[in-house]
Amino acid sequence: MPTRARLTILSFEGQDAMSDTAFLDRLRDLAGVDAVSTRFQDRARHAGDQWARSRLVRATSAPPSGLPDVVVRPADVATLAAVMGACRDAEVPVVPFGGGTGICGGTVAVEGGVSLDLSRLDRVLHVDDLSMSVLVEAGTPGAVLEDALSARGYTLGHCPMWPGAGTVGGWAATRAAGWFSARYGAFEDMVVALDVVLPDGTLVTIDSTTREFGGPDFRQFFLGSEGMLGVIARLRLRVRPAPQTRRFWAFRFMEMDMGLEAMRRVMQHGLVPSALRLMDPFDTLVSYFGSGGSATSLEVARTLEMLRRLLHLDLGGLAESMLWPVLRQMLAHPLAARTVLDQMPLASLLFVGFEGDEDRTRDDLAEARDLIGRATGLDLGPEPGEHWYRRRLHPLPYDAPVFGAGGFVETVAVTGLWRDLSRIHQKARAAAGHRVLMPAFFTNAYREGAVCHFRLLGMAGTPDRSLDLYDWALPRVIGAAMKAGATVAHGSGIGLAKRDFTDQEFRGGSRLFWALRQALDPGFRMNPQKLYPTTVPAVPQGEDDMPATGVRPDALLAWDHRVADGAIVTPEVPEEISELLRIARRSGRRVFSQAGDLAIVRRRPRDPASGDLAIRLDLLDRIIDMDPVSGTVTVQTGMSMVHLENFLREKGFTLGFVPRRLLSLSVGDYLASASPWAGSPLYGTVHDNCIGLSAILGDGTSFSARAAPRRSAGPDLMHCFIGARGRYGIVTAACFRVFPWPAVREAVAFGTQDPEIAMSAIRTVLARDVLPEWVLMVLRSPSSKGNRRRVRVVLQMGGSRRHVSRGLAVIRDVMEPLGMDPEPIRTEDRLLPPPKRFPSHECFLPMDRVMALARRFGAEQSPECPEVHVTHFGIHGATVRVLLREDIHRVPDDLVALFQGGGHQGPLAEASDVLKQQLDPDDVLAPPATLD
């Protein structure tokens with residue numbers, strides 16, 4: 001790791017001396033005198049966040065640690081970029097600082113340097129009603145943004161899980177997830193574009209609507225990066241219409257596992273609750289009934305009576321003031337308390353909430369009540385859920401008393417598949433539950449799993465002893481949960497608290513992460529020592545036991561399954577791929593594999609005499625795991641998409657999100673060429689639904705990301721492979737989310753002369769929470785005969801009869817008043833690829849640009865005008881595809897760059913190249929552009 005300058009300071013209160021006056025003067029010239037501070041009080045406020053361990057340390061007699069040398073508050077993005085450039089020149093560490101509300105030590109200035117306070121970048125810049133997005137600066141508090149959106153009838157839908165005034169930049173940097181992520185998604189799902197200041201001071205825009213070929217999705221790298229790759233300065237976020245109403249209902253379960261089953265049924269039935277939360281028996285006792293809620297369970301009253309007698313307490317009721325005396329005694333004897341509680345017939349509380357329009361909210365709640373009742377849930381009415389909603393942003397009632405008594409309260413949030421959640425809960429409690437109290441609850445539910453939140457409550461007499469207890473308990477809980485199948489984190493980031501576990505989250509991830517950091521922050525100055533252990537993995541060197549030159553390739557390729565005289569090889573097991581890359585590296589050959597829809601792996605290299613090697617994965621075509629409980633399938637990437645879809649159909653499932661024209665590709669080729677937006681309003685995209693994968697990097701390193709509903713373990717490293725056309729590695733296996741095969745399918749079509757009316761109608765349908773399987777708007781081009789056909793809109797609904805009927809009713813309610821005429825259409829299951837593929841070009845665009853192109857092509861009269869399809873709709877954008885069906889069809893000259901251009905430009909293109917050099921130092925993996 002390179003050495004860097006370290007500012008010399010005096011770290012005692014009342015002292016603000018600093019030796020590097022030239023650097024300080026430059027900062028003051030750039031940001032202003034009032035925006036630069038070396039005062040101890042300011043530095044101490046920026047020394048960390050709300051991490052429980054930091055709070056414990058502050059309560060001990062230890063001297064202050066993690067202090068930045070200087071605090072800088074830039075007033076605008078230009079100043080921010082200039083300050084970053086100055087820090088680069090001085091080789092000074094930089095720690096971005098938002099609201100200071102993190103809980104993992106992500107803003108601790110471990111190596112001093114500059115704390116970059118973004119609180120002055122707090123403007124809501126623009127709300128785009130057509131694309132339903134908002135442009136906002138990164139330092140804007142979430143409450144300020146929500147108020148601005150509410151005034152215009154919108155909501156972001158992100159309700160923070162941790163008390164405090166978090167900022168939108170901080171939410172993006174930690175991949176935060178709010179209470180309502182089941183309906184609105186985690187914060188990463190809301191991010192359309194980012195303006196990022198790189199470590200050298202360069203400002204770049206990363207827009208997910210920009211088409212990219214053969215490169216990584218940098219948006220997924222900066223999300224969760226915690227400032228280690230650059231500073232997020234502005235964000236463009238999608239917004240949703242504000243809900244008209246909100247309803248809650250609560251249920252009691254005598255068996256917690258049945259509560260988990262009820263959650264699973266609700267999510268896999270296709271309902272979209274805004275909140276779904278199950279508390280284990282202990283959390284039901286201390287977190288709900290101890291916070292002022294009304295006692296609706298006889299079991300709770302009996303338990304409190306037993307605790308009163310056991311601990312000799314005078315409990316006058318269930319008021320919040322009574323909770324701390326109980327907890328104090330339980331914290332003094334955690335094993336005894338756990339033993340008593342485990343023997344009691346305690347109930348678990350579950351509540352579900354829906355929001356939206358009046359009719360749908362009422363109907364969805366009625367259906368959820370029926371599903372939960374069938375899973376043995378006892379109806380408790382709306383009050384417990386409404387009570388939680390009123391108090392959702394309040395601090396925990398026992399947080400301040402526990403810390404005040406020298407103890408700690410730590411929250412560990414992990415995700416797991418439905419089949420693993422109960423075991424995760426059991427193993428984590430068994431690992432540390434005899435020394436700390438561990439109430440837990442499950443929330444943030446998804447189709448394939450949910451999040452388990454553990455509250456670690458510990459007290460050992462003094463803050464110093466409690467610190468030792470904390471350091472003992474936290475790794476045991478995380479380690480036990482991960483061994484049972486959990487992720488390391490969800491919705492709260494990594495920071496210092498969990499960085500030692502990220503190597504387990506992404507096997508081989510440290511190799512990829514440090515290559516990414518070398519590409520963007522070669523000086524390793526940004527927020528040092530976060531996310532991953534600080535040891536930089538060495539780049540693999542060539543093997544000495546194999547000569548680099550003079551090697552006859554045929555002598556090295558000794559497998560019986562080689563094809564075409566060694567030009568094409570089909571490995572039988574994934575481990576052979578590493579060996580093939582090793583042979584290619586040492587013999588000077590290049591490897592071609594997984595180029596995506598170019599289908600280059602299906603033919604020989606252009607020059608058979610060159611010795612280049614094509615790796616086909618046809619023999620890696622096994623179903624590794626089919627998990628109908630969690631709704632996932634894990635498959636090797638040599639299997640074709642149509643064969644996988646047929647296999648799932650036999651089991652009653654579907655992928656749903658694969659465009660019909662790409663069904664003939666293998667799983668690996670499909671992943672390599674997948675567009676970020678190609679998919680379905682109902683089922684999502686492959687970027688949404690690929691929840692785990694394994695790959696071999698160009699240097700032979702194995703990489704894998706465990707299957708998980710969600711994770712916040714730093715940058716999502718899987719996106720180095722999805723859509724990258726095999727540039728950085730070869731994907732060997734992938735885990736996908738699957739969906740029930742629709743019980744009912746119906747399609748409707750409408751015609752109109754006006755493309756703007758058609759586009760507005762589709763957008764309105766989607767805004768009303770109608771999710772078709774697919775939507776297509778066709779702008780018929782003038783044919784060679786000169787006649788012109790009108791605009792045609794096709795929507796296909798799939799799912800339960802209730803879902804389909806309700807969706808069709810809304811569609812007709814929107815389309816018919818606009819004068820759109822119904823047209824005949826046949827339902828299509830899209831299981832087979834189309835018989836013929838015409839040349840085409842496509843790009844995803846925000847809704848305002850889609851509307852402009854629709855107007856243009858709708859008015860076009862030239863016979864050279866291609867046929868235009870608009871598909872892959874979202875509220876904020878859609879994909880425009882031009883099809884060259886006839887020989888005379890041409891893409892208009894002024895749109896060629898839009899449809900055929902691609903790839904990263906400028907600094908991101910350079911970073912892509914550096915990443916390639918780091919992961920494939922011998923340039924073994926050939927990009928598709930090098931082929932005919």
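Is Thr637 buried or exposed, and at what relative accessibility? Select Thr637 to begin: at 1% relative accessibility it counts as buried, where buried means under 20% relative accessible area and exposed over 50%, with a 1.4 Å probe and protein chains only. This is a predicted model, in which local features need pLDDT of at least 70 and side-chain atom pairs count only at pLDDT 80 or more, while totals for chains, interfaces and linings use all residues. Residues are numbered from 1 along each chain as its sequence is written, and side-chain values use heavy atoms, with hydrogens and water left out.

Thr637 sits in the loop between β25 (632-636) and α24 (641-651), helices being DSSP runs (H or I) of at least four residues and strands (E) of at least two, numbered from the N terminus. Among the residues that Thr637 touches are Gln594, Leu617, Val667, Leu671 and Ala734, contact meaning heavy atoms within 4.5 Å.

Next, select Phe736, whose contacts include Val667, Leu671, Val633 and Phe657. Phe736 is listed with Leu235, Phe454 and Met777 as having the most contacts inside the largest nonpolar core, which has 228 residues; such a core is a set of buried Ala, Val, Leu, Ile, Met, Phe, Trp, Tyr and Cys residues joined through side-chain atoms within 4.5 Å. Helix α19 supplies the largest share of this core, 10 residues.

Finally, display α19 (residues 463-483) together with α3 (residues 52-59), which pack at an angle of about 160° with their axes 9 Å apart, axes being lines fitted to C-alpha atoms over the stretch in contact and angles running from 0 to 180 degrees between N-to-C directions. That makes α3 roughly antiparallel to α19, a term for angles over 145 degrees.

Notes: Angles under 35 degrees count as roughly parallel, over 145 as roughly antiparallel, 65 to 115 as roughly perpendicular and the rest as oblique. Lists of a residue's contacts leave out its neighbours within four places in sequence.
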